[in-house]
Amino acid sequence: LKKECWCWDTALLRDPGDEDDEGRACSGCGRGGDTEVCVSNQNSLVPVADEECAKCSEGQSFWPCDDGDLCWCWDTTKPKKPPAPASGLAVATELDPNARG
């Protein structure tokens, strides 16, 4: 059964499992515990502040949250190693059948 609309308490983190938001940066961040925070990707060519990325966990869907390369979900119990920037090349699904292309 597909939901047509839904609401959430804006004082709480949004539950990204309730809608299709794969394109949003940090979708699901914070669901793994209190140690997950959405931070800026320092490897990105576009400068973004951690404060701007933190809004992605609160449900913001526009910049920088609409670009999955600008922000990432960091588990503060682990070393802070941001992902490498995207190459822009298509995913080689024939090499990795589990890859989404």
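Predicted model: local features only at pLDDT ≥ 70, side-chain atom pairs only at ≥ 80, totals over all residues.

Student: How many disulfides does the model contain?
Tutor: The criterion is a pair of cysteine sulfur atoms within 2.5 Å. With the bonded cysteines numbered in sequence order, the pairing reads 1-3, 2-8, 4-7, 5-6. By this rule, the count of disulfides is 4.

Student: Which residue is joined to Cys-29 by a disulfide?
Tutor: The S to S distance of this disulfide is 2.2 Å. The pair links distant parts of the chain, 44 residues apart, with Cys-29 in the segment before E1 and its partner in strand E2 (residues 71–75). The partner of Cys-29 is Cys-73.

Student: Is Cys-73 buried, partly exposed or exposed?
Tutor: Buried means under 20% relative accessible area and exposed means over 50%, with partly exposed in between. Cys-29, at 6%, is buried. The relative accessibility of Cys-73 is 31%, so this residue counts as partly exposed.

Student: Which elements are linked by the disulfide of Cys-53 and Cys-71?
Tutor: The sulfur atoms of Cys-53 and Cys-71 are 2.0 Å apart. The two residues lie 18 residues apart and in distant parts of the chain. The elements linked are helix H1, which holds Cys-53, and strand E2, which holds Cys-71.

Student: Are Cys-53 and Cys-71 buried or exposed?
Tutor: Cys-53 has a relative accessibility of 0% and therefore counts as buried. For Cys-71 the value is 3%, so Cys-71 also counts as buried.

Student: What is the torsion about the S-S bond of Cys-56 and Cys-65?
Tutor: Cys-56 and Cys-65 form a disulfide with their sulfur atoms 2.0 Å apart, and both residues are buried. The disulfide is left-handed because the torsion about its S-S bond is about -95°.

Student: How many residues of E2 are buried?
Tutor: E2 pairs with E1 in the antiparallel sense over 5 bridges. One of its residues, Trp-74, is the bridge partner of Val-37. The strand is largely enclosed by the rest of the structure, because the number of buried residues in E2 is 4 of the 5.

Student: Which residues make the nonpolar surface patch of about 340 Å²?
Tutor: One member is located in the loop between strand E1 (36–40) and helix H1 (50–54), namely Leu-45. This residue is exposed, with a relative accessible area of 81%. The patch is made by Leu-45, Val-46 and Trp-63.

Notes
Residues numbered from 1 in each chain as written. Heavy atoms only, no water. Patch = residues over 30% accessible without salt bridge, like charges linked within 9 Å, V, L, I, M, F, W, Y side chains within 5 Å. Areas by Shrake-Rupley, 256 points an atom, 1.4 Å probe, with all protein chains shown as cover. Salt bridge = Lys/Arg side-chain N within 4 Å of Asp/Glu carboxyl O. Buried < 20%, exposed > 50% of the residue type's maximum accessible area, 1.4 Å probe, protein only. Pairing = 2+ DSSP bridges.
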